[in-house]
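User: I would like to learn how to read packing, pairing and ring contacts from a model. Please start with the terms and then go to the cases.

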Amino acid sequence: MTFKDEFVEVDGCRTHLRRGGEGKPLLYLHGASGAPVIQPFMEKLAERFDVLVPEHPGYGQSGEPEWLENIHDVAYFYLDFLKQLNLKEVLLVGTSMGGWIAMEMAVRDCSRLSQLVLVGSAGIKSPDAEVADTFLMSPEEAIRALYHDAKIVDTLLALPVTPEVVDMQLKNRHTTARLAWEPRFHDPHLPKWLHRINVPVKIVWGEQDRIIPVSFVDEYKKHFPKAQIHIVKGCGHLPPVEKPDEFVAIVCNK
Amino acid sequence: MTIQIVLFHLMPYADLDLEAGRKNGTVWVKLPNKHFDPEKGHRLYNRFLDELEYGEKLGFDVIAVNEHHQTAYGLMPSPIVTASALSRKTTKVKIAILGSALPLRSHPLTVAEEHAMIDVISGGRLISGFVRGIGAEYHTFGVNPTFSHDRFHEAHDLIVRAWTEPGPFSFRGRHYEVKYVNLWPRPYQKPHPPIWIPSQGSKETIDWASHPDRRYTYLQTFSPAKVVARYLKMYRDTCQGYGYSAKDSQLGWAVPVFVGADDESARRAAKPHFEAFRNVFVKMPLEMLLPPGYTSRESMKNVIKAKAQMFGDVSIEQAIELGLFVCGGPETVLRSFEAHFKEMRFGNLLVMCQFGTLPADLTRANMERFARDVMPGLRALG
């Protein structure tokens with residue numbers, strides 16, 4: 001499945017977008033580690049959906065607009081993105097910080113959404129657990145913390161660290177700090193309004209998630225009592241990458 | 001115009017369990033505070049304040065305190081407290097706060113107020129240093145490092161206006177808003193205490209500090225001599241670019257110093273304490289020192305490349321070689337400063353006579369030798 005690789009201008013931000021497949025639109029919102037390349041799970045999803053994989057403002061090859069100061073700015077940007085591309089009945093999938101963006105969008109306006117899939121999502125606090133301090137991790141420590149499967153860690157650590165990779169890591173980290181340093185990876189006002197989300201919600205979490213522990217799911221259950229809950233065994237913070245088949249099946253099921 | 005000589009102090013927790021500090025990888029942010037013994041702290045604070053007051057007797061022009069949070073490296077999360085104590089116990093010496101970390105404060109107006117109080121109480125002896133705070137302190141306080149520069153500049157603008165503009169007036173910035181800026185007390189010095197800017201080397205800081213509207217004294221701190229020379233020259237060149245020649249008094253160099261009876265005994269005495277300072281107290285991981293947005297991405301890339309050298313251990317011999325530490329008998333120390341002065345013409349020399357675990361007796365001996373055997377020669381320069 002080939003993805004078209006292009007740039008769209010939304011709210012004055014030159015936005016890098018890969019798009020492939022046919023069917024109902026699926027917008028995938030990446031987390032702090034970005035979405036530099038098309039992954040196998042995206043290709044599988046493109047067999048059933050029109051899959052859109054942008055890089056958020058401030059990440060990867062996308063621009064860094066002046067207005068980008070907090071998570072709300074990103075949420076409004078993506079609502080404008082949906083409108084500009086005239087996307088309807090969108091299956092909105094967000095991992096980690098992408099899940100936080102997805103919730104911020106949905107509390108404001110669900111009219112173009114059909115479903116929300118939150119994967120290892122940031123955005124709310126839990127009384128029992130804390131998000132790991134990724135800002136104090138070296139790039140190597142971060143890779144080890146992200147994945148449960150040691151083989152994936154070894155493969156990633158063996159990749160050459162080119163100047164381009166360093167540039168992108170620094171840019172992504174800068175934007176993540178901009179959006180999520182304080183309050184740390186959550187919006188204190190968001191839980192008050194999650195009840196406004198009136199589309200079906202799926203919550204997917206790696207059982208061995210060491211970035212945002214699986215106990216956060218209990219907090220989400222309080223806000224989304226009707227949500228489908230899927231705990232993925234033998235899996236860390238990124239189920240789409242570690243367990244692509246299982247993840248795709250969860251997204252595609254009713 | 002003779003050199004102004006400043007006695008600078010970090011007030012470290014000199015009784016630290018060094019092994020615990022080493023094992024933890026750093027003494028910053030998360031080294032558990034159970035390692036601070038208030039009994040020892042009581043003795044240390046009073047010893048260090050005694051040393052700074054002694055500086056006035058020994059003839060230093062300025063005594064200086066400093067701000068760091070939640071670290072054994074420096075026990076002055078509030079330099080206001082120590083500067084206040086010193087302003088009552090001294091009568092003539094200038095007192096420098098190097099510097100207040102503006103972005104870490106919830107409200108910059110409190111900095112304006114506290115500095116004004118010390119200036120008035122001391123009869124106009126305050127030098128106000130402003131800094132952004134060390135990267136580690138952004139991890140500690142949760143202030144967003146990507147806004148560090150913006151907050152610093154806005155805070156500075158509010159403070160200077162609060163000191164100089166008749167109140168009440170309102171201030172509406174991006175980060176701070178005050179409906180009624182109306183400072184009581186107003187500062188003693190006119191137009192306000194001199195503002196000094198300590199830095200570890202930054203083109204942006206130099207551009208801003210040297211601007212004709214400001215002409216703030218720029219201090220290069222704790223860097224190899226080559227780096228100090230480079231940045232002081234950059235400051236002078238930038239002034240030229242603005243259309244004026246920098247005065248020597250606009251430049252300063254801060255460096256740890258140890259004067260012994262002779263070169264060999266100086267090195268022997270200083271070695272364990274300097275190496276503890278440099279390799280235990282100073283050390284922290286890259287991510288702690290430079291959180292995202294604290295410094296430009298270009299600078300970050302240079303730091304990542306130099307990582308091994310910058311974050312590895314430094315021996316006293318290497319430090320002396322690099323000019324990170326000036327150490328020896330009086331002749332050697334004076335000649336070293338003379339050579340550096342010829343090249344850099346710093347109008348302010350900040351010497352740190354206590355470092356790391358250096359105990360009270362060695363610190364006093366160091367200060368006394370410096371004052372008796374080196375200072376007169378330094379006065380002859382400039």
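Analyst: Contact means heavy atoms within 4.5 Å. Axes are lines fitted to C-alpha atoms, for helices over the stretch in contact, and angles run from 0 to 180 degrees between N-to-C directions. Helices (H or I, at least four residues) and strands (E, at least two) are DSSP runs, numbered from the N terminus. With these terms, helix α10 (residues 244–252) of chain A lies across β3, β5 (90–95), β6, β7 and β8 of chain A, at about 165° to β7(A). This is a predicted model, where local features need pLDDT of at least 70 and side-chain atom pairs count only at pLDDT 80 or more, while totals for chains, interfaces and linings use all residues. Residues are numbered from 1 along each chain as its sequence is written, chains are lettered from A and ligands numbered from 1 in the order in which they are written, and side-chain values use heavy atoms, with hydrogens and water left out.

User: What is the strand order of the open sheet in chain A?

Analyst: Two strands pair if DSSP finds at least two bridges between them. The open sheet has 8 strands in the order β1-β2-β4-β3-β5-β6-β7-β8, with mixed pairing. Its edge strands, β1 (4–10) and β8 (228–232) of chain A, each pair on one side only. Neighbouring strands are turned by 20° against each other on average, direction ignored. Within chain A, β3 (residues 25–29) and β4 (residues 50–54) run parallel and are joined by 3 bridges; A:Leu26 stands opposite A:Val51 in β4(A). Helix α8 (residues 216–223) of chain A also packs on the sheet, touching β6, β7 (201–206) and β8, and its direction makes about 175° with that of β7(A).

User: How many residues of strand β9 of chain B are buried?

Analyst: Buried means under 20% relative accessible area, exposed over 50%, and partly exposed in between (1.4 Å probe, protein chains only). In β9 (residues 251–259) of chain B, 9 of the 9 residues are buried, so the strand is largely enclosed by the rest of the structure.

User: Which way do its side chains point?

Analyst: In a regular strand the side chains alternate between the two faces of the sheet. From β9(B), B:Leu251, B:Trp253, B:Val255, B:Val257 and B:Val259 point one way, and B:Gly252, B:Ala254, B:Pro256 and B:Phe258 the other.

User: Which strands pair with β9(B)?

Analyst: Strand β8 (residues 217–221) of chain B runs parallel to β9(B), joined by 4 bridges, and B:Thr221 has B:Ala254 as its bridge partner. Strand β11 (residues 348–352) of chain B pairs with β9(B) in the parallel sense over 5 bridges; there B:Val255 stands opposite B:Val351. Strand β10 (residues 326–328) of chain B pairs with β9(B) in the parallel sense over 3 bridges, with B:Val326 as the bridge partner of B:Val257.

User: How many aromatic pairs are there over all chains?

Analyst: A pair of aromatic rings is described by the distance of the centres and the angle of the planes. Rings of Phe, Tyr and Trp (its six-membered ring) pair if their centres lie within 6.5 Å; planes under 30 degrees apart count as stacked, over 60 as edge-to-face and the rest as tilted. A search of the whole structure finds 28 aromatic pairs. The rings of A:Phe77 and A:Tyr78 have centres 5.0 Å apart and planes at 75°, so this pair is edge-to-face. Both residues, A:Phe77 and A:Tyr78, are buried.
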